Amino acid sequence: IRLAGGRLDGMDALGGVEGGQGKEADNPAALALLGTAYLKHGKYQDAEAQLSRAAALAPDSAPIRTAAALGKLGTGAVDEAIGELRKVVAEAPDFGQARALLVLALTGQKRTDEARAAAQAFVDAAPGNALAHNLLGYQREASGDDSGATEAYRAALAADADFHVAHVNLARLALKRGDRAAARAEFAAVEAREPKNLLALLGLAGLAVAEGDAKRAEELWQEARKAHADAVQPRVLLSRLYRSQGKATLAEAPVREAWKLAPFQPVVQLEYADAMLDLGDHAAGLEGARALLARDADNIQALERVARASRLARDDAGLLAALRRITAKAPGHVPAQVALAQLALADKNFAEAERIAKSLQAIPDAAAAGNELAGDIAQARGDGAAARGAYARALERQPNAARLLKLERSERAAGQSSNRLVDWLAKHPDDLDVRLALATTLQEQGEQDGAIAAYEQI
């Protein structure tokens with residue numbers, strides 16, 4: 001939107017511009033405004049169409065042609081966009097936005113040598129431009145030249161003391177060196193010039209996380225959320241924090257705010273899907289996942305959320321379809337393979353379940369999952385001895401509570417006993433699932449005092 005020389009805030013503005021399309025169909029400025037409004041709201045195909053029309057009508061306008069290139073980047077026509085940006089830079093060498101976008105586009109394509117050359121050319125053409133120095137610093141940092149990057153970031157601040165991103169980049173370099181005090185000083189420099197600056201608040205919260213102070217990080221993210229009504233990052237980070245703490249209900253408000261602000265951003269789409277699924281709202285979870293799939297039909301993370309939502313909704317057909325899409329794209333995706341095998345087991349298709357189990361057992365990193373699955377198959381067939389052997393091998397390869405409990409239940413059904421649960425709790429005293437299993441076992445064995453003690457600990 002800055003590239004078009006103005007701002008449009010909210011869908012009302014988008015509707016207003018759309019309403020004028022008829023009489024403004026040949027007005028490149030109006031088309032550019034409409035295109036940039038589409039860009040803001042993630043409607044990349046519509047944006048590219050309007051901006052390309054505008055550029056065709058105004059071939060001498062560097063801002064409109066640059067905005068059109070941005071639209072092409074949004075639709076994935078990267079090479080075409082880079083080619084157009086090179087032309088704009090050649091024809092309008094003083095138009096810095098085109099140079100900046102060219103550097104970013106090349107960086108996104110990992111064309112590092114070209115990106116660094118373009119950044120250096122930007123600095124040479126505009127030595128007083130803070131953004132140019134900052135982009136050169138990033139290119140130097142990416143190539144391992146931290147000293148040169150520091151020099152460039154300092155040059156950016158010399159050009160513009162309010163170019164706060166350079167302070168953030170210097171803080172990141174300080175953290176890379178393990179110098180938290182220097183990083184804190186960079187964020188403090190930003191706050192001194194602009195209290196409650198979003199980048200400073202997020203940076204300080206990041207330091208708090210690194211120091212294990214989740215409460216301080218929460219306070220800073222909440223402060224950023226309150227001070228910046230249009231900031232997505234603190235809302236997404238608060239949602240993640242609350243979910244990691246098992247507080248799904250607290251995550252709901254910030255993630256809904258983020259979704260309202262930027263429903264087209266992949267990070268928001270995934271977080272919204274996760275938060276809604278944690279709340280048990282499979283329909284909203286699907287909405288978030290499908291929004292990402294609309295842009296990237298093979299996105300594994302989105303397909304994982306579709307699978308989870310389908311499981312919550314007890315939609316076996318939807319679950320099966322999602323799992324097959326995941327394994328077609330990523331054959332080594334162990335959780336999806338296991339889930340497919342479990343569906344086969346539910347249909348008593350033992351041959352398919354065994355095929356998957358054997359394929360996993362042949363992969364070193366997936367062998368534990370394969371053995372656990374083999375135990376599930378044996379258990380379903382009523383072969384307790386084979387099940388116990390498979391569970392024991394899975395537990396030996398990769399111990400976890402679920403495998404321990406499966407083995408314990410199978411042994412108990414066979415009248416066997418062991419000290420596995422007690423030994424596990426000695427190492428994992430907060431594992432409530434295992435403690436509950438111990439309490440139940442003690443109760444069944446008539447050891448009421450031990451069972452009561454275990455229940456009280458829970």
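Student: Is tyrosine 455 buried, partly exposed or exposed?

Tutor: Keep in mind that this is a predicted model, in which local features need pLDDT of at least 70 and side-chain atom pairs count only at pLDDT 80 or more, while totals for chains, interfaces and linings use all residues. Residues are numbered from 1 along each chain as its sequence is written, and side-chain values use heavy atoms, with hydrogens and water left out. Buried means under 20% relative accessible area, exposed over 50%, and partly exposed in between (1.4 Å probe, protein chains only). Tyrosine 455 has 36%, so this residue is partly exposed. Tyrosine 455 lies in helix α27, residues 448-457, where a helix is a DSSP run of H or I with at least four residues, numbered from the N terminus.

Student: Where is glycine 178 placed?

Tutor: Glycine 178 sits in the loop between α10 (164-176) and α11 (180-193), and with a relative accessible area of 57% this glycine is exposed.

Student: Which residues touch the most other members of the largest nonpolar core?

Tutor: In soluble globular proteins, nonpolar side chains tend to be buried together. A nonpolar core is a set of buried Ala, Val, Leu, Ile, Met, Phe, Trp, Tyr and Cys residues joined through side-chain atoms within 4.5 Å. Here the largest one has 30 residues, and those touching the most other members are Val306, Leu323, Ala353, Ile356, Leu373 and Ile377. Helix α20 gives the largest share, seven residues.

Student: What is valine 306 in contact with, apart from its neighbours within four places in sequence?

Tutor: Contact means heavy atoms within 4.5 Å, and valine 306 has such contacts with Leu286, Ala289, Leu293 and Ala322.

Conventions. Helices (H or I, at least four residues) and strands (E, at least two) are DSSP runs, numbered from the N terminus.
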